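Reader: Please take one part of this model and go through it closely. I want the atoms, the distances and every cut-off.

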There are 2 protein chains.
Amino acid sequence: MSDVARAAGVSAMTVSNVINGHPHVSEETRRRVAEAVDRLGYRMNYAARHLRSGTTGVIGLAVPGIDQPYYGHLAALVIAGARRLGYRVAVEQTGASREGETEALAHSRLRTYDGLIMATVELGEEDGGALFADFPVVTLGERFRGAHVDHVGMANFEGAGDATRHLLERGCRRIAVIGGRAEGESGAATLRTAGHLAALADAGVARDDALLAGCAFTTAGGAEAVRRLRDGGVPFDGALCLTDSLALGVVRGLRDAGLSVPGDVLVVGFDDIPGAAYAVPSLTTVAPGHAEMVAAALEMLTERIAGRRPAGEVRSFTGPHRLVVRESTTR
Amino acid sequence: MSDVARAAGVSAMTVSNVINGHPHVSEETRRRVAEAVDRLGYRMNYAARHLRSGTTGVIGLAVPGIDQPYYGHLAALVIAGARRLGYRVAVEQTGASREGETEALAHSRLRTYDGLIMATVELGEEDGGALFADFPVVTLGERFRGAHVDHVGMANFEGAGDATRHLLERGCRRIAVIGGRAEGESGAATLRTAGHLAALADAGVARDDALLAGCAFTTAGGAEAVRRLRDGGVPFDGALCLTDSLALGVVRGLRDAGLSVPGDVLVVGFDDIPGAAYAVPSLTTVAPGHAEMVAAALEMLTERIAGRRPAGEVRSFTGPHRLVVRESTTR
DNA sequence: TTGTATGCGTTATCAG
DNA sequence: CTGATAACGCATACAA
């Protein structure tokens, strides 16, 4: 920068002012500096700016695994949105473990990042707001609902209810809930299951807990869950899969069992991942409003980073959901 | 740091030495400093270290889109591997455009990142090594083969040949090449197509250019290509899809046309993305040795960053490929 | 084994 | 409208 200053016959301070578009610089000076910058191929040293300003221009994004379609889709939106706001995004993988999530948070606090968007799968309210004190964090998912942290979530309860009503309308009476669990930590799975059960009750359809098939939230887990249900002699004519990845596995598992979708079993997923539309059969699913969620998360985070909102004032946002009907429930 | 120094009764320099694990520090001093660090909750300011050392501890990963399964899978491996080496990873999305790729490179050079791993889809040799001078870059993909840049690639030609031989062995005689193109820039598509044509020739099977179905490299593109082939009255009994994403679309498109896989048409993909194993039918595909490729890329990059290899000495690595046979080619 | 002096490149402040 | 000064927090070189 001092080289540029010398070349333009001004001080380094004036170069800085030109670069940052400060108002009180004469047109002539601005022009001379710009010319020198071009000629010398000068580039700002961000490390120095960061040292001076205390910011890094980088936000962290902590997700269980970037190779999971849902988080990949989310990350694409976050990276694109952050870029428009002048931030780059560093991705951390937590492996959906409490340890990984805690560590991602710890790294971020080292002032390496200006803020963190974290998909919390394990970390919950009981881990205490202390973890988040004094650092801009937005949680994504369900574990932190109600805690003293900004939060962006989706309509798990309502979405699962819509999906269930859809299956009931199309004639299902025994709906397996893949990944379902009636109790336990208040995660997305529990909320979606609750939404399902509420919809069943409203419709006066009997509940059978044998249909709640808890399993790993992976494609393999879905296939495995189908196998267990059938081995256990539990009949079902519909499957509410708590994620699309599970649903892909369920379709796979049903096929292995010689059953067809939607011929023998209707299948609904959740998340509307990119692959859902092109699966065979294409998946009926609950689209949780990804774009709106990401926009809200970035807005909350930048608001915090800029210090525009007092620490005590917590915001929350729930994405607009809608049921996308495709082949897996269309006979 | 000076607060810690004061608390421990030493100089800031000694604190620095303790933190960086320098050898010549007495056990007693080390202990006192560590205690003070804990008590005061001191954290290193990375911006300052970066300003001083010229390194950031961050490497960039530039890919067309992190939501594409292939790149998501790659990114997961890169992030995990980089972490073991003490680096974090910032993801840039280039949108597979020359502009995006150039920009990712420019950003990286601003010393924001210590190095860059870039999946080059558009940027090619003609863009000149000048872009890469003086900055650690490893290219991933085919566009830079032979240029003066470190490069990690896969066995496109050989893999496509293996896939083609596999289809021929199982009785196919008219193999559509989805995404195929006989000429044009020397990208992965061209190399894979060439491998296919060479295998055909070796087997003495007639080539029909009507079977080369160029299209967008997306799932939608695959479905669309099938539609065009059928509308054009081009019969085929096998499909070599140049990526797994395309293959998923092809399966989809065939089904829309009332054809079954593998009943009517055998389908092979390329890349072995995570979804390939759980698709219905599961996809036969060419696995390009992702893990080995990522390991090689990281090793080349860190070697460059550490300055352990002269600028003129360029390395190249090709992943070990193998054909994974699954349902889509098993009648 | 520990400490002192110095500078990395930028920008806030305030004087001119 | 422009410039001199100082400071952000750390680590290299060298002295003690």
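Author: DNA strand C has 21 residues around it in this predicted model. M1(A), S16(A), Y42(A), T14(B) and T29(B) come nearest. A residue is near the strand if one of its heavy atoms lies within 4 Å of it. Of the atoms of DNA strand C that come within 4 Å of the protein, 67% belong to sugar and phosphate.

Some of the polar contacts can be named (a pair of N or O atoms within 3.5 Å; within protein, one must be able to donate a hydrogen and the other to accept it, and residues adjacent in sequence count only if both atoms are side-chain atoms). Y42(A) puts a polar side-chain atom 2.4 Å from a phosphate oxygen of DNA strand C. S26(B) uses a backbone N or O atom, 2.9 Å from a phosphate oxygen. R52(A) reaches a base oxygen instead, with a polar side-chain atom at 3.0 Å.

Now the elements. α2 (12–19) and α4 (46–53) of chain A, with α2 (12–19) and α4 of chain B, each supply at least two residues of the surface near DNA strand C. α4(A) gives the largest share, 3 residues. Helices are DSSP runs of H or I with at least four residues, strands are E runs of at least two, and both are numbered from the N terminus. By class, this surface splits into 9 nonpolar, 8 polar and 4 charged residues. Ala, Val, Leu, Ile, Met, Phe, Trp, Tyr, Cys and Pro count as nonpolar, Asp, Glu, Lys and Arg as charged, and the others, Gly among them, as polar.

Both chains supply this surface, and the two chains also touch each other. That contact (heavy atoms within 4.5 Å) takes 43 residues from chain B and 42 residues from chain A. The rule finds 10 salt bridges across the interface; each is a side-chain nitrogen of Lys or Arg within 4 Å of a carboxyl oxygen of Asp or Glu. One of them joins E327(A) to R252(B), with the closest N and O atoms 2.6 Å apart. α4 of chain B, 46–53, is among the elements that give two or more residues to the side of chain B that touches chain A. α5(B) gives the most there, with 7 residues.

Residues are numbered from 1 along each chain as its sequence is written, with chains lettered from A and ligands numbered from 1 in the order in which they are written. Local features need pLDDT of at least 70, side-chain atom pairs count only at pLDDT 80 or more, totals for chains, interfaces and linings use all residues, and side-chain values use heavy atoms, with hydrogens and water left out.
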